[in-house]
Amino acid sequence: MKRLVLKFGGTSVGSITKIKNVVNIVKKKHEEGNQIIVVVSAMSGATNDLMKKSHEVSENFNVKELDVLLSSGEQVSSALLAGAIIDAGMNARSWLGWQIPIITDNNHSSSQIKGIVTDEIEKFISKGGIAIVAGFQGISSEKRITTLGRGGSDLSAVAIAKFFNANSCEIYTDVEGVLSTDPSINKEAKKIDKISYEEMLEMSSLGAKVMQPSAVQASMVDNISIHVRSTFSEKPGTKIISESDIINKKTVTGIAYSKNNAKVSIFGVVDKPGVAADIFEPIGKNNINIDMVIQNTSLDGKKANITFTIKEEDLKKTLNIIEKNKEEIKYEKITHDAKLAKVSIIGAGMIASPGVTHKMFRSLANEKINILAISTSEIKISVLIKEDLTQKAVKTLHNTFKLN
Ligand code: ADP
Ligand code: ASP
Ligand code: MG
């Protein structure tokens with residue numbers, strides 16, 4: 001007998017017909033003699049609708065109440081699925097985060113899971129019951145409802161697999177698995193059979209929506225392998241596993257992108273220790289994430305220009321902060337640009353293959369795509385480009401690195 005955690009994303013439970021399809025998958029796995037814990041997301045669109053309502057109330061909607069509001073989407077889907085499974089003649093019950101409880105820190109809207117009390121569900125599944133857990137939510141030490149960040153049901157599934165010692169953690173979604181790039185931007189995207197935690201973490205953090213970055217991080221830390229697969233086909237999907245279990249390391253495994261980036265350039269700051277700190281400290285204190293950073297020095301070595309990127313939604317606030325700190329920073333000129341995209345190539349084999357960088361840049365140059373900023377790590381190269389060139393860049397790189 002095996003213990004399985006099956007997570008169904010929003011599109012997999014997006015309608016009553018789709019929920020009935022999930023019932024069939026669960027039924028089959030149950031009849032095979034497995035113990036089953038199901039984790040569900042809200043029905044597709046539900047979380048966005050709730051978010052929109054909160055914005056209609058206020059642009060600064062209280063974060064603790066926002067978590068109460070957003071978590072309600074998963075209350076609906078978990079109850080509907082439990083009801084549908086009971087209706088199909090099986091024993092099922094839904095659990096909300098606080099009922100289990102799934103204990104998190106107090107960091108509302110992007111909480112981390114600290115622990116899960118397993119007794120009740122353990123008893124229920126050992127007697128053949130099917131436990132349905134509302135994903136994306138937990139409870140803090142202050143007894144307030146928390147949520148785990150957008151896409152957070154993935155994290156719920158990984159944590160449940162860990163605390164219940166599951167034999168497998170299956171993430172059911174609307175695509176075949178993890179693909180070489182987002183199929184909605186390139187129809188040529190191909191399924192990846194196996195990908196390392198490290199590569200998946202880069203893919204997710206750089207924009208591949210299919211797995212939440214925190215969930216991949218958690219699975220990497222505890223070595224919990226994940227099977228990402230389609231709800232709508234029985235074909236095997238993608239195994240996210242340890243790098244040592246992957247024999248053929250491709251130079252480039254996948255391409256990710258993120259839109260809505262902005263760039264700020266500060267010209268003519270004095271080139272001395274502490275200037276970068278003076279610029280970035282007040283920005284960081286306002287919880288604005290800085291992504292790429294480039295600094296270059298004037299020919300006489302006295303002045304420097306600093307360019308950095310942020311999310312477009314933080315642009316106005318960032319410019320205000322710099323303006324407010326003009327006395328300390330003392331710059332000559334500041335410019336900014338929005339509607340930019342970051343396109344990244346990711347691959348563990350990159351470490352051992354020189355020449356990937358120029359191949360990427362040449363390929364973009366051939367398509368007349370101008371690179372505005374570059375950042376690299378051991379297993380990824382990212383470039384900043386104009387947002388309307390995203391699809392062209394992804395397709396070109398997909399061809400260049402033979403991912404078709
Ligand atoms: P779910 O509702 O199941 O959680 P998500 O919408 O969060 O599903 O993630 C699945 C979507 O992620 C796909 O429909 C696809 O458009 C997008 N996506 C982006 N990059 C990739 C990728 N490299 N592989 C697969 N899907 C990707
Ligand atoms: N419903 C939440 C969201 O849309 C969590 C999830 O789908 O995983 O972000
Ligand atoms: Mg998701």
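Is Thr104 buried or exposed? Thr104 is buried, because its relative accessible area is 3% and anything under 20% counts as buried. Keep in mind as you read that this is a predicted model.

Let us stay with Thr104 for a moment. You will find Thr104 in strand β4, which spans residues 102-104. The side chain of Thr104 also has a partner: a polar contact of 2.7 Å joins it to the side chain of Thr146.

**Two ligands and their surroundings**

| Residue and its atom | Ligand and its atom | Distance |
|---|---|---|
| Leu179, backbone N or O | ligand 1, nitrogen | 2.9 Å |
| Asp182, polar side-chain atom | ligand 1, oxygen | 2.9 Å |
| Val210, polar backbone atom | ligand 1, oxygen | 3.5 Å |
| Thr47, polar side-chain atom | ligand 2, nitrogen | 2.8 Å |
| Arg150, polar side-chain atom | ligand 2, oxygen | 2.7 Å |
| Gly152, backbone N or O | ligand 2, oxygen | 3.4 Å |

How much of each ligand does the protein cover? On its own, ligand 2 has 260 Å² of accessible area, and the protein covers 86% of it. Ligand 1 taken alone exposes 570 Å², of which the protein buries 87%.

**Rings that meet**

Now turn to the aromatic side chains. A pair of aromatic rings is described by how far apart the centres are and by the angle between the planes. How many aromatic pairs does a search of the whole structure find? The search finds three, and two of them are described here.

One of these pairs is Phe8 with Tyr172, a stacked arrangement with 4.7 Å from centre to centre and 15° between the planes. This pair links distant parts of the chain: Phe8 belongs to strand β1 (residues 3-8), Tyr172 belongs to strand β9 (residues 168-173), and the two are 164 residues apart. Phe8 and Tyr172 are both buried.

Another pair is made by Phe280 and Phe308. Why is it called edge-to-face? The ring centres of Phe280 and Phe308 are 5.1 Å apart and the planes stand at 80°, so the pair is edge-to-face, since planes over 60 degrees apart count that way. Phe280 sits in helix α8 (residues 275-285) and Phe308 in strand β15 (residues 303-311), so this pair ties together parts that are 28 residues apart in sequence.

**Charges over rings**

Finally, there are places where a charged residue lies over a ring. Arg93 lies over the face of Trp95, at 3.9 Å from the ring centre. Elsewhere, the charged end of Lys333 sits over the ring of Phe267, with 5.5 Å to the centre of that ring.

Technical notes: Residues numbered from 1 in each chain as written. Chains lettered and ligands numbered in written order. Predicted model: local features only at pLDDT ≥ 70, side-chain atom pairs only at ≥ 80, totals over all residues. Heavy atoms only, no water. Polar contact = N/O pair within 3.5 Å; in protein donor to acceptor, adjacent residues only side chain to side chain. Areas by Shrake-Rupley, 256 points an atom, 1.4 Å probe, with all protein chains shown as cover. Phe/Tyr/Trp six-rings, centres within 6.5 Å; stacked < 30°, edge-to-face > 60°. Helix = DSSP H or I, 4+ residues; strand = E, 2+ residues; numbered from the N terminus. Buried < 20%, exposed > 50% of the residue type's maximum accessible area, 1.4 Å probe, protein only. Lys NZ or Arg CZ within 6 Å of the ring centre and 35° of its normal.
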